[in-house]
Structures are given as C-alpha cells and as structure tokens.
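Student: I would like a close look at a single part of this protein, with its surroundings described in one connected account.

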Amino acid sequence: MTRGGTIQTKVHFKGSDDDFLVFLDSVEDYKKWLGDKSIPLAQVVSSFKIFVTHKHGAQGTYDTASKAALENEFGTSVDDKVIEQILQKGTLQESQAAERQGSKNDSNGAMAN
C-alpha cells in the first residue's frame, strides 16, 4: 500500500497581515457549495481548522490560526464564519503530496530492508 502520494486540495486566502488556509475534501463539493450555500460546510471542508503560513503563501509551515489573528483579519473568530469567507474570497489550490519513503517496519531491526 502506498503511503502519501495523494492530491491535497486547499483554499488559500491572502490577508492583510497573514495567509490563511482551509483544507477541502473534494473540489467538486467546493464548487457546488459556491453555487449553493445550503450545502453543509462539513461536506466541503476536511476539518474545521484554519491554518496560517506566516506570509509564506500556500507553502511553508502550517500553524493553527489564533483567535486574535482571525478577529483582526475577518472581524470574527467564529470558525464557520471565517471558513465561509476564506472559501468565498480565496483561491483554490491543488498539489500532489510527496510519497513517503523509508522502512515500513522498524520492529524488524537489522533484518529490515
């Protein structure tokens, strides 16, 4: 079974002080949601976490956004409201996650690999 190697889908929003990211389950559900807001957000996003990249665009280290950062940028720290704004105003980005390499069973000791 391959580890990694999946397509990672996210929406990137460049704010005035920081860059914000939300990860999606599927592009198709995201596009449907843009046209029909009655679709629940839980069907669109992979988690209700908002990440910041400290002005490194959509790359770099992802840290969870603080309530203060959300308040400053979006005027609210309510996750649902912020996620809706990011989905509406952000840009969709897809990238291939690298396949992980390395030993598959470290408990084999010297016999591994």
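Student: Which residues does Val-11 touch, not counting residues up to four places away in sequence?

Tutor: The model is a predicted one, in which local features need pLDDT of at least 70 and side-chain atom pairs count only at pLDDT 80 or more, while totals for chains, interfaces and linings use all residues. Residues are numbered from 1 along each chain as its sequence is written, and side-chain values use heavy atoms, with hydrogens and water left out.

Val-11 touches Phe-20, Leu-21, Val-22, Leu-24, Tyr-30, Ile-86, Leu-87, Gly-90, Thr-91 and Leu-92, once residues up to four places away in sequence are set aside; contact here means heavy atoms within 4.5 Å. Val-11 has its place in strand E1, where helices (H or I, at least four residues) and strands (E, at least two) are DSSP runs numbered from the N terminus. With a relative accessible area of 0%, Val-11 is buried (buried means under 20% relative accessible area, exposed over 50% and partly exposed in between, with a 1.4 Å probe and protein chains only). The C-alpha atoms of Val-11 and Ile-86 are separated by 7.1 Å, although these residues are 75 apart along the chain.

Consider next the strands. E1 (residues 7–14) pairs with E2 in the antiparallel sense over five bridges, pairing being assigned if DSSP finds at least two bridges between two strands. The two strands are joined by a hairpin through four residues, and His-12 stands opposite Leu-21 in E2. Strand E2 (residues 19–23) is largely enclosed by the rest of the structure, because five of its five residues are buried: Asp-19, Leu-21 and Phe-23 point one way, and Phe-20 and Val-22 the other way. E2 is also joined by two bridges to strand E3 (residues 51–52), and these strands run antiparallel, with Phe-20 opposite Val-52 in E3. In the loop between E1 and E2 lies Asp-18, which counts as buried at 13% relative accessibility and, leaving aside its neighbours within four places in sequence, is in contact with Phe-13, Val-52, Thr-53, His-54 and Lys-55.

The helices come next, among them those that hold Tyr-30 and Ile-86. Two packed helices are described by the angle between their axes and the distance between the axes. Helix H1 (residues 27–35) and H3 pack at an angle of about 95 degrees, with their axes 11 Å apart (axes are lines fitted to C-alpha atoms, for helices over the stretch in contact, and angles run from 0 to 180 degrees between N-to-C directions). That makes H1 roughly perpendicular to H3, since angles under 35 degrees count as roughly parallel, over 145 as roughly antiparallel, 65 to 115 as roughly perpendicular and the rest as oblique. In this contact, Tyr-30, Trp-33 and Leu-34 in H1 meet Glu-84, Leu-87 and Gln-88 in H3.

Helix H2 (residues 67–74) packs against helix H3 (residues 79–89) at an angle of about 50 degrees, with 11 Å between the axes, and H2 and H3 are therefore oblique to each other. Here Lys-67, Leu-70 and Phe-74 in H2 meet Asp-79, Val-82, Gln-85 and Ile-86 in H3.

As for the whole, the protein has three helices and five strands, which follow the pattern β-β-α-β-β-α-α-β along the sequence, and buried residues make up 34% of its 113 residues.
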